Amino acid sequence: MAAPARSGFVHSLASDGFYRIHYRQWGDADNPRVLICAHGLTRNATDFDDIAAALCERYRVLAIDYPGRGASDWLRTKTDYHFPCYIAASCAVIARSGAERVDWLGTSMGGLIGIQMAALPGSPIDRLVINDVGPELPLAAMQRIADYIGLQFDFASLDELEAHLRLAHAPFGPLSDAQWRHLAVNSYRQRDDGRYVLSYDPDIAEPFRQANLHSEPVNLWPLWDAIRCPTLLLRGETSDVLLAETAAQMTRRGPRAELLTLPGIGHAPALMAEEQIAAIRDWLDSRADN
């Protein structure tokens with residue numbers, strides 16, 4: 001059974017004022033060894049329940065609900081659903097933790113937040129784990145994601161919502177029935193009419209609506225090249241977001257990441273399988289004194 005999480009809130013700043021960011025915390029509140037977990041675009045902090053339970057003897061683990069997701073506030077200005085706001089939220093949670101230095105585990109969007117933060121002068125990130133994303137994002141994958149988050153689904157029951165998640169997130173990898181249920185139970189809100197909807201602000205899609213997804217791929221290579229901390233890169237073997245050639249280049253440039261390719265998985269590995277958790281735990285332990 002997963003270790004219990006403690007909920008907390010901290011204020012962060014958007015373009016039009018303050019809002020509340022929710023985070024989940026596991027482990028000894030006085031442990032100076034802190035791991036920050038950052039979820040993907042439409043996900044939330046509960047995605048890290050399993051890995052947090054496995055690491056909370058070593059770490060104080062804090063998983064962030066980014067604005068518009070989970071128990072965090074929705075933003076009033078929808079164009080604020082972008083990286084400056086996400087980085088500000090991350091800094092607020094790190095400051096609340098009291099840690100001078102942290103390790104970072106980020107899936108997809110959370111990995112991009114980590115890349116940008118680790119590249120900055122004076123970054124508090126000591127070790128970086130990036131899950132299935134890189135400094136170059138293929139236009140086809142970006143369009144696929146934009147098409148998905150632009151749709152608004154509703155369901156008659158939690159079972160229907162779970163069935164949808166099993167289909168939409170099949171690339172996460174083989175999950176148990178209990179793990180799929182965990183994702184479903186933590187992925188919905190219920191409307192006044194009793195229908196179930198996914199628990200994120202549909203307007204997180206606003207930056208995608210304004211972006212030109214038919215021009216050039218996103219290029220964050222200058223940021224990647226500025227990173228100096230030890231870095232582990234996870235890639236789903238069939239991922240369309242982190243292409244094999246991009247991952248290979250990431251092992252030769254910047255922090256020269258160590259690459260672990262996960263067979264039979266797409267975008268993005270759920271990090272719930274024991275072997276995935278063990279690989280991350282062992283890598284972090286091996287870099288503990290770096």
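Me: Why is His22 counted as buried?

Reply: The relative accessibility of His22 is 5%. A residue is buried under 20% relative accessible area, exposed over 50% and partly exposed in between, judged with a 1.4 Å probe on protein chains only. The value of 5% is under 20%, so His22 counts as buried. This is a predicted model, in which local features need pLDDT of at least 70 and side-chain atom pairs count only at pLDDT 80 or more, while totals for chains, interfaces and linings use all residues. Residues are numbered from 1 along each chain as its sequence is written, and side-chain values use heavy atoms, with hydrogens and water left out.

Me: What makes the link between His22 and Ser7 a polar contact?

Reply: The side chains of His22 and Ser7 come to 2.9 Å. A polar contact is a pair of N or O atoms within 3.5 Å; within protein, one must be able to donate a hydrogen and the other to accept it, and residues adjacent in sequence count only if both atoms are side-chain atoms. The distance of 2.9 Å is within 3.5 Å, so the pair of His22 and Ser7 meets the distance limit. His22 also touches other residues beyond four places in sequence, including Phe9, Ala63 and Ser72, where touching, or contact, means heavy atoms within 4.5 Å.

Me: How do you know that β1 and β2 pair?

Reply: Nine bridges join strand β1 (residues 6-14) to β2, and the two run antiparallel. Two strands pair if DSSP finds at least two bridges between them, and strands (E, at least two residues), like helices (H or I, at least four), are DSSP runs numbered from the N terminus. Phe9 stands opposite His22 in β2, and the two strands form a hairpin with two residues between them. On the same rule, β2 also pairs with β4 (residues 60-65), since five antiparallel bridges join them. There, Gln25 stands opposite Leu62 in β4.

Me: Why does Arg24 count as buried?

Reply: Arg24 lies in strand β2 (residues 17-26). Its relative accessibility is 18%, which is under the limit for burial, so Arg24 counts as buried. The side chain of Arg24 makes a polar contact with that of Asp49, at 3.1 Å. As a whole, β2 is mostly covered, with eight of its ten residues buried.

Me: Why is helix α3 described as largely enclosed by the rest of the structure?

Reply: Ten of the ten residues of α3 (residues 109-118) are buried, and therefore the helix is largely enclosed. Among these residues are Met109, Ile113 and Ala118. They pack against β3 (34-38), α2, β5 (102-107), β6 (125-131), β7 (136-137) and α8 (221-226).

Me: What makes a set of residues such as Tyr66, Trp104 and Ile113 part of a nonpolar core?

Reply: A nonpolar core is a set of buried Ala, Val, Leu, Ile, Met, Phe, Trp, Tyr and Cys residues joined through side-chain atoms within 4.5 Å. The largest such core has 71 residues, and Tyr66, Trp104 and Ile113 touch the most other members. Helix α2 (residues 83-97) gives the most to this core, with eight residues. Another core, of 21 residues, lies apart from it and includes Trp26 and Leu35.

Me: What makes one space a cavity and another a pocket?

Reply: On a 1 Å grid over the protein atoms alone, a cavity is a set of points where a 1.4 Å probe fits but cannot get out, whereas a pocket is an open set with protein on both sides within 12 Å along at least five of seven lines; lining residues have an atom within 4 Å of a point. Points are joined across faces, edges and corners, and the volume is the space filled by probe spheres set on them. The largest pocket has a volume of about 890 Å³ and is lined by 45 residues. The largest share of that lining, five residues, comes from α4.

Me: Why is Arg256 called exposed?

Reply: Arg256 has a relative accessibility of 59%, which is over the limit for exposure, so Arg256 counts as exposed. Arg256 lies in the loop between α9 (244-250) and β12, and has a positive phi of about 50 degrees although it is not a glycine.
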